[in-house]
Amino acid sequence: MKSDFMMQSKLPDVGTTIFTVMSALANEQNAINLSQGFPNFPIDTVLKDFVKKALDEEQVQYAPMPGRLDLRIAIAQKLELQHAKIFNPETEITVTAGATEAIYSIIAAVVSKGDEVLMFDPAYDCYDPSVRLNGGIPVHLKLKFPDFKIDWNEVKDKINSKTKLIMVNNPHNPAGSVWDESDLKALEDICNKYPHLLVLSDEVYEHIQFDNNHQSVLKSDLLRSRSFVTYSFGKTFHVTGWKIGYCIAPAELTVEMRKVHQFNVFCVNNTMQAALADYLIGSDSWRGIADFYNDKKALFMNGMKQSKFKPLKCEGTYFCLYDFSEISSLPDVEFAKWMTIEHKVASIPVSVFYEDKTDNKVVRFCFAKTDDMLINAIDRLCKI
């Protein structure tokens with residue numbers, strides 16, 4: 001029987017994410033998957049043992065809505081070690097179902113119909129839809145190619161009385177660029193000038209930065225007072241499938257974010273929270289992550305010197321960008337699919353991260369893989 005019901009989509013121009021598309025194609029073609037950003041190597045056996053301990057202790061029921069207090073205390077201790085600042089685990093830290101849930105809950109809490117939200121392309125693909133679903137107006141600015149830096153004068157020109165939120169990402173996915181102190185200062189100056197402006201800082205790759213120190217907005221007392229900052233245990237400890245992250249925000253902002261969080265997911269996996277609390281307490285296991293990935297980056301990028309791909313600068317994250325313009329004139333989406341089918345290496349075309357699908361003939365490779373997988377991929381890519 002034919003139904004007369006007509007579904008009006010809230011996101012009519014959104015289809016299946018490119019990550020799902022390329023991973024499915026990689027599986028279909030038995031290709032090496034350097035597209036979706038997940039590690040394929042074992043996690044720390046100590047962390048595994050803490051998971052087993054949590055199960056033995058029957059830590060399997062609902063966790064508290066804001067997150068287990070022992071984990072929030074461990075996060076506060078970690079932040080104090082990093083930034084020499086005190087954070088209240090009860091009122092300023094919320095454990096979330098990954099950074100993506102945190103980002104959505106933050107946007108839903110603060111963005112109302114007609115509010116403008118500044119974001120920078122190439123932008124991670126959850127930003128824009130989350131704003132539109134909550135009645136906001138995404139305002140896309142482009143990072144300056146090929147270094148992917150913010151033009152802060154352009155930002156100043158775009159801010160007006162309707163601008164509610166500015167979304168920043170450092171280190172940046174997919175560009176691999178990072179901030180320096182001048183970027184923090186520029187954002188401070190803007191927040192000084194516009195007291196109504198809030199900041200959402202996506203810092204999930206905080207520990208994967210290869211030069212200089214990570215310039216978190218938490219370093220600035222002014223920015224800290226106006227910002228939501230999101231993090232990911234998945235990125236730091238190679239457990240992306242756990243989907244556990246956290247949000248740092250001042251108490252008054254945390255109250256509003258938690259109002260959405262409690263009806264979005266209510267709480268996060270208790271067993272894994274217990275394991276992470278044990279793993280973090282009294283530990284600085286996160287300190288060696290940058291060196292670990294720097295070795296992976298060096299292996300991949302040194303091997304790729306023999307290829308026809310041209311590298312762009314990679315300052316952070318476990319992704320690197322390559323210009324393929326000397327190889328093909330195909331649009332980047334078609335090139336990425338062709339390379340997966342014909343040469344059995346999957347990547348992500350960068351145009352999908354732009355609102356207007358800007359195609360600079362660049363693809364993104366993930367090097368969070370075992371050395372043998374990277375060497376195999378390099379061999380295939382160098383034959384193109």
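Reply: In this predicted model, helix α3 (residues 69–83) packs against helix α11 (residues 270–280), their axes coming within 8 Å and crossing at roughly 35 degrees. The crossing of α3 past α11 is left-handed. On the α3 side the contact is made by Asp-70, Leu-71, Ala-74, Ile-75 and Lys-78, and on the α11 side by Gln-273, Leu-276, Ala-277 and Leu-280. Of these residues, six are nonpolar, one is polar and two are charged.

Helix α3 itself has 15 residues and spans 21 Å from its first C-alpha to its last, close to the 21 Å expected at 1.5 Å a residue. Its buried residues are Leu-71, Arg-72, Ala-74, Ile-75, Ala-76, Lys-78, Leu-79 and His-83. In an α-helix, residues three or four places apart point the same way, because there are 3.6 residues a turn. The cover over the buried residues of α3 includes β2 (93–96), α9 (233–237), β8 (245–248), α10 (251–264) and α11. After α3 comes Ala-84, which has a positive phi, near 55 degrees.

Two of the covering elements, β2 and β8, belong to an open sheet of seven strands with mixed pairing, in the order β2-β8-β7-β6-β5-β3-β4. Strands β2 and β4 (137–142) are at the edges with a single partner each, so one side of each has no neighbour in the sheet. On average, neighbouring strands are turned by 20 degrees against each other, direction ignored. Strands β2 and β8 run antiparallel and are joined by four bridges, with Val-95 opposite Tyr-246 in β8.

Note on methods: Residues numbered from 1 in each chain as written. Predicted model: local features only at pLDDT ≥ 70, side-chain atom pairs only at ≥ 80, totals over all residues. Heavy atoms only, no water. Axes fitted to C-alpha atoms, helices over the stretch in contact; angles between N-to-C directions. Left-handed = near helix turned anticlockwise from the far one by under 90°. Contact = heavy atoms within 4.5 Å. Nonpolar A, V, L, I, M, F, W, Y, C, P; charged D, E, K, R; others polar. Expected span 1.5 Å × (residues − 1). Buried < 20%, exposed > 50% of the residue type's maximum accessible area, 1.4 Å probe, protein only. Pairing = 2+ DSSP bridges.
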